[in-house]
Structures are given as C-alpha cells and as structure tokens.
Amino acid sequence: MKIKEKLGEAFRLYFILVTLISVLLMILGLAFDSDRVLGYSVFLSPLIYAAIGVIPVFFFKKEKEISMKKLICQNVFSLLFIEAIILILAFNAKSIPTERKGVVIGIAVGIAVVYILTLIVEYIFELTQSKKLNEDLINYQNRNASITGAKTE
C-alpha cells in the first residue's frame, strides 16, 4: 500500500474513530462519573485517542493480500496494541478513576466495541466502493463490446 493510500485510509479511520470514541466517552462518563463538570480541554481527548487508534494502519497493515486467518490475527494484534496504549494512558491520567474496577473494565470493553464497530463501518464503506467499481466495469465492458460487436456473457 502506497503512503498516499495509507494516509487516505488513516484519515477515514480517524474520523470514524473520533465519532465512536466521543460516544464511548459520553457513555462511560454518564455511567461512572456523571456528576463531574468538565472544561473545554475534554474535547481534545477523542482526537488524541483516535490518533492512537490510527497507528496500526502505518505499522501493521501489509501491502499484499493476506489470508483470513492472518487478517484476524493482525486485527487482534492491532486491538491488543491499542488496548495496551490506552490503558497505560488511563492508568497514568489523574483524571480517570482507574482505582475503580468498573472503570477499567468499561474502558477495555469500550475500546473493543469501538474497534469492532470501526471494522464494520470500514467493511460497509469498502463493500459499497467495490459494488460501484464492479458496476462501472460492467458498464465499460458492455459499452466496449457494443462498439466492437463482441458478445458479453
């Protein structure tokens, strides 16, 4: 995958992640710390977490096609990498009550849910793109065949 394609994938993934992480933070905040009043700096955290979530695009994605088994292993490894970094940040942040077991479990499960939802959204996006590409290819072949008089199947 060329750097331009990786950047395109990273930007698309980044904006999907910002949206899903914002929803996750709202849910976790309401569940575990609903009385807290936050400043404007809290709007920065989804942007930072999404940037961390994009890192695997540059380091774990390979240029050639891989088997389904390798793809699953790659996705699990990416998820574990993201979980580790986010949990390390959470345990080092004074504003996140990691002494409460439910908060840590909520963060870990939330990260996994966001990761899976991101994979689903990307799959739907790529499926839509491939259908459009296939339709364009069939139209091109039909147009080309009608010009040359060849039959298409």
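Predicted model: local features only at pLDDT ≥ 70, side-chain atom pairs only at ≥ 80, totals over all residues.
## Ground rules

Local features need a pLDDT of at least 70, side-chain atom pairs count only at pLDDT 80 or more, and totals for chains, interfaces and linings use all residues. Residues are numbered from 1 along each chain as its sequence is written, and side-chain values use heavy atoms, with hydrogens and water left out.

## Salt bridges across the chain

Side chains of opposite charge can pair when their charged atoms come close. A salt bridge here is a side-chain nitrogen of Lys or Arg within 4 Å of a carboxyl oxygen of Asp or Glu. The whole structure holds 3 salt bridges.

Arg12 pairs with Glu122 at 3.8 Å, N to O. Arg12 sits in helix α1 (residues 3–32) and Glu122 in helix α4 (residues 101–148), 110 residues apart. Helices are DSSP runs (H or I, at least four residues), numbered from the N terminus. Arg12 also forms a salt bridge with Glu126, at 3.5 Å, N to O. Glu126 lies in α4 and Arg12 in α1, so this pair ties together parts that are 114 residues apart in sequence.

Glu122 is buried, at 8%. Arg12 is partly exposed, at 25%. Glu126 is partly exposed too, at 41%.

Lys132 and Asp136 form a salt bridge, with their closest N and O atoms 2.9 Å apart. Both residues lie in helix α4. They are 4 residues apart, about one turn of the helix. Lys132 is partly exposed, at 47%. Asp136 is partly exposed as well, at 35%.

## The largest pocket

A pocket is found on a 1 Å grid over the protein atoms alone: it is an open set of points where a 1.4 Å probe fits, with protein on both sides within 12 Å along at least five of seven lines. The largest pocket holds about 1,200 Å³ of space. That volume is the space filled by probe spheres set on the points, which are joined across faces, edges and corners.

The lining counts 47 residues, each with an atom within 4 Å of a point. Ile21, Leu25, Ser45, Tyr49 and Ile96 lie nearest the centre. Helices α1, α2 (44–59), α3 (68–92) and α4 each supply at least two lining residues. The largest share, 12 residues, comes from α1.

How values were computed:
Buried < 20%, exposed > 50% of the residue type's maximum accessible area, 1.4 Å probe, protein only.
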